[in-house]
Amino acid sequence: MSQSTTLRLRARMLDEIQQYRHLISQYLQQHPQPQCSELLLQLEQKPIGYWPELLHPWMTPELKQISTRLEALQAAISLIDMGLYGLCSDCESRIEAELLSADPTRQRCRRCEQQFQEKLLHRHG
């Protein structure tokens, strides 16, 4: 994957993080409990990497989904920063560019993702 494509995906992920940051702030502002105001203040004072941990005690299904996505976005950005972005976490081969374009947080190549999903099905099936 070219450096320009990687930088474009990084910018896209940073934009998505900002959107989630805004959604979380709106969600907490809609709940007038003092704990939500306190949490909102804590979130505003911490980098986004701390948000999933701070949100954990307040998890609703909605916040859990957002928190999980934030963690995936942060992990992908960290991989870019370390020069490891786009490598499959299982086999270390290159993840197909079209898969990363569809979901820049993807961690497995097509083959390994298929094997992973099959294992999940056997465990839960």
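Which residues does Leu 28 touch, not counting residues up to four places away in sequence? The legends below take up this question and others, and the model they describe is predicted.

**Figure 1. Surroundings of Leu 28 in the predicted model.** Leaving out residues up to four places away in sequence, Leu 28 touches Cys 36, Leu 39, Leu 40 and Leu 43.

**Figure 2. Overall arrangement of the chain.** The protein contains 6 helices and 0 strands, and from the N terminus on its elements follow the order α-α-α-α-α-α. Along its principal axes, the C-alpha trace spans about 50 × 40 × 20 Å. The protein has 125 residues, and 30% of them count as buried. Among contacts between residues at least 6 apart in sequence, 47% join residues at least 24 apart.

**Figure 3. Glu 16 and its contacts across the chain.** Glu 16 is located in helix α1. The relative accessibility of Glu 16 is 16%, so this residue counts as buried. When neighbours within four places in sequence are set aside, Glu 16 is in contact with Arg 69 and Leu 73. The C-alpha atoms of Glu 16 and Leu 73 are 8.2 Å apart in space, although the two residues are 57 apart in sequence.

**Figure 4. The salt bridge between Asp 103 and Arg 69.** The whole structure holds 6 salt bridges. In one of them, Asp 103 pairs with Arg 69, and the closest N and O atoms are 3.2 Å apart. This pair links distant parts of the chain, with Asp 103 in the loop between α5 and α6 (110-124) and Arg 69 in helix α4, 34 residues apart. Asp 103 is partly exposed, its relative accessible area being 28%.

**Figure 5. The salt bridge between Glu 98 and Arg 110.** Here the closest N and O atoms of Glu 98 and Arg 110 lie 2.6 Å apart. Glu 98 belongs to helix α5 and Arg 110 to helix α6, so that the pair, 12 residues apart, links distant parts of the chain as defined by its helices. Both partners are partly exposed: Glu 98 has a relative accessible area of 48%, and Arg 110 has one of 42%.

Figure 6. Which residue forms a salt bridge with Arg 108? The partner is Glu 113, with the closest N and O atoms 3.9 Å apart. Arg 108 is buried, with a relative accessible area of 17%, and Glu 113 is buried as well, at 18%. Elsewhere, salt bridges that share partners join Glu 16, Arg 69 and Asp 103 into one network. Arg 108 also lies over the face of Phe 116, at 3.8 Å from the ring centre.

**Figure 7. Lys 46 over the ring of Tyr 50.** The charged end of Lys 46 sits over the ring of Tyr 50, at 5.3 Å from the ring centre. As for pairs of aromatic rings, the structure holds 0.

**Figure 8. Cys 109 and Cys 112.** Cys 112 is accordingly in no disulfide, and the structure as a whole holds 0 disulfides. Cys 109 is buried, with a relative accessible area of 4%. Cys 112 is likewise buried, at 3%.

Technical notes:
Residues are numbered from 1 along each chain as its sequence is written. This is a predicted model: local features need pLDDT of at least 70, side-chain atom pairs count only at pLDDT 80 or more; totals for chains, interfaces and linings use all residues. Side-chain values use heavy atoms; hydrogens and water are left out. Contact means heavy atoms within 4.5 Å. A disulfide is a pair of cysteine sulfur atoms within 2.5 Å. Buried means under 20% relative accessible area, exposed over 50%, partly exposed in between (1.4 Å probe, protein chains only). Rings of Phe, Tyr and Trp (its six-membered ring) pair if their centres lie within 6.5 Å; planes under 30 degrees apart count as stacked, over 60 as edge-to-face and the rest as tilted. A charge sits over a ring if NZ of Lys or CZ of Arg is within 6 Å of the ring centre and within 35 degrees of the ring normal. Helices (H or I, at least four residues) and strands (E, at least two) are DSSP runs, numbered from the N terminus. A salt bridge is a side-chain nitrogen of Lys or Arg within 4 Å of a carboxyl oxygen of Asp or Glu.
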